[in-house]
Amino acid sequence: MTIAPDQKPRPLRARPVADGTGLHGEVAVPGDKSISHRALIFGALSVGETTVTGLLEGEDVLRTAAAMRAMGAEVERLGDGHWRVWGVGVGGLSEPEDVLDMGNAGTGARLVMGLVASHDFTAIFTGDASLRRRPMGRVVDPLSRIGARFVGRQGGRLPLAVVGTAHPLPIEYTLPVASAQVKSAVLLAGLNAPGITTVIEPEPTRDHTENLLRHFGAKVTVETTKEGGRVIQLTGQPEFRPSSIVVPGDPSSAAFPMVAACIVPGSEVTVRNVGLNPLRTGLFTTLQEMGADLTFSNRRDEGGEPVADITIRHAPLKGITVPPERAPSMIDEYPILFVAAACAEGETVMRGAKELRVKESDRLALMARGLKACGVDLDEFEDGLVIRGKGKPPQGLPAGISIATELDHRIAMSFLVLGMAAKDGIAIDDARVMDTSFPGFVPLMQSLGATLESAG
Ligand code: S3P
């Protein structure tokens, strides 16, 4: 999120829900962020009209919409979450006249860099203070092999100029980190290369790009290796047929009201229309192993993705060891899992999640610091946290002290959820950043019975 200098931070405090009341109600969370970025990108690469319903209208996705417009696509909002894209065809993007400001969005930045890499023009990328800190070397390396050139700051950090190539090479690339963003950047670049682009992922990551490539008519094959990894092969230069896309509710956003209901006594909450792509559901499995009471109903398929309504009732949670290999399927959910672990009885071991250090913030450091300040007993490791919960929520933060969110939406929402259960409540320093992925978080949680009030 790019915050204009004249806007003031908006401190916000969550107070504990009154004893014996709990959170109650039925809500729908905004559209999936990963699928929303991709829906706009794929629409921009088709010739003709693509319609999208359920699009997340968060800051991150609006930046991708602006980038697609700047490169020649027509992108139009028709109503709430309802958008229309007139694309220019695979290979048909044009040079943007100005710098592409991707705001807070790592996904938007890395995917659009992939697109530019195999076009014969130059685009300059920047973003907010959080995005400018994040490593781009992970996409610069494979995209250089395709033939693009880059001029950036140390470590490939933004601002960064991408000089695309007129003669992209199809490459074979093994991901050095489990990252759907890197996989997607390579596949998007490969779309405009002749021949077959191959990405090998030792650990499977979210496959929305592969699903949408198929949906728009590209030839993609996916094979599972003996070790459990995947080999993805894309035949370049397909003709995309325009399509319609229904974006399911974001499981990463659903996680916040769900964990709130788990930890606030007396709660019963239903979140409707939650995307249940099996490569995204690690948190739900983990919560169930901890003793959470989740019921999945109305399971169905929407727009090629499995969805369901999920009902969560308060239940006592116990500490467990989360298998490190589960990390890619819940990578964005660790901050809110740490909150659940802080309220559970006993030790929860969450390792194998080193990637959390290079998200919108260093999520391990920020969560460890904030949880300790709230009275949680924990150890921080390079790749995770071990949290020793006491079977009840921690004390929280006294008035006048707030959590530093450092432009990280998930840190902000995680601590507000903990504040709904903690005796003293918890304040965060700035609520504006939540618009990145979850516009309407505050009224949605208030509709369930939470007290969120200005702490300014
Ligand atoms: C995303 C992939 C993940 C995730 C991010 C969205 C995507 O990042 O953290 O919020 O849409 O591809 P990495 O690919 O860097 O793990």
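Which residue forms a salt bridge with R357? Hello everyone, let's start there. The partner is D362, and the closest N and O atoms of the two are 3.0 Å apart. By salt bridge I mean a side-chain nitrogen of Lys or Arg within 4 Å of a carboxyl oxygen of Asp or Glu.

Before going on, a word about what we are looking at. This is a predicted model, in which local features need pLDDT of at least 70 and side-chain atom pairs count only at pLDDT 80 or more, while totals for chains, interfaces and linings use all residues. Residues are numbered from 1 along each chain as its sequence is written, and side-chain values use heavy atoms, with hydrogens and water left out.

Back to our pair. R357 counts as buried at 17% relative accessibility, whereas D362 is partly exposed, at 26%. Buried here means under 20% relative accessible area, exposed means over 50%, and partly exposed is in between, using a 1.4 Å probe and protein chains only.

The structure holds 36 salt bridges. One of them joins D32 to R280, with 2.9 Å between the closest N and O atoms. This pair links distant parts of the chain, 248 residues apart: D32 sits in the loop between β2 (24–28) and α1 (33–44), and R280 in the loop between β15 (268–275) and α9 (282–289). Helices here are DSSP runs of H or I with at least four residues, strands are runs of E with at least two, and both are numbered from the N terminus. D32 is buried, with a relative accessible area of 1%, and R280 is buried too, at 4%.

Another bridge pairs D332 with R206, the closest N and O atoms being 3.4 Å apart. D332 lies in the loop between β18 (321–322) and α10 (334–343), and R206 in the loop between β11 (196–201) and α7 (208–215), so this bridge ties together parts that are 126 residues apart in sequence. D332 is buried at 12%, and R206 at 9%. Both belong to a network of salt bridges that also links R134, E360, R363, D408 and R410.

Now for the strands. Where does β21 sit, and how covered is it? Strand β21 spans residues 384–390 and is mostly covered, with 5 of its 7 residues buried. Two strands pair if DSSP finds at least two bridges between them. Strand β19 (residues 345–350) pairs with β21 in the antiparallel sense over 6 bridges, and M350 has L385 as its bridge partner in β21. Strand β20 (residues 377–381) also pairs with β21 in the antiparallel sense, over 5 bridges. There, L378 has I387 as its bridge partner, and a hairpin of 2 residues joins β20 to β21.

Elsewhere, an open sheet of 3 strands has the order β22-β1-β23, with antiparallel pairing. Its edge strands are β22 (426–428) and β23 (451–454), each pairing on one side only. Strand β1 (residues 12–15) is joined to β23 by 4 bridges, and R13 has E453 as its bridge partner in β23.
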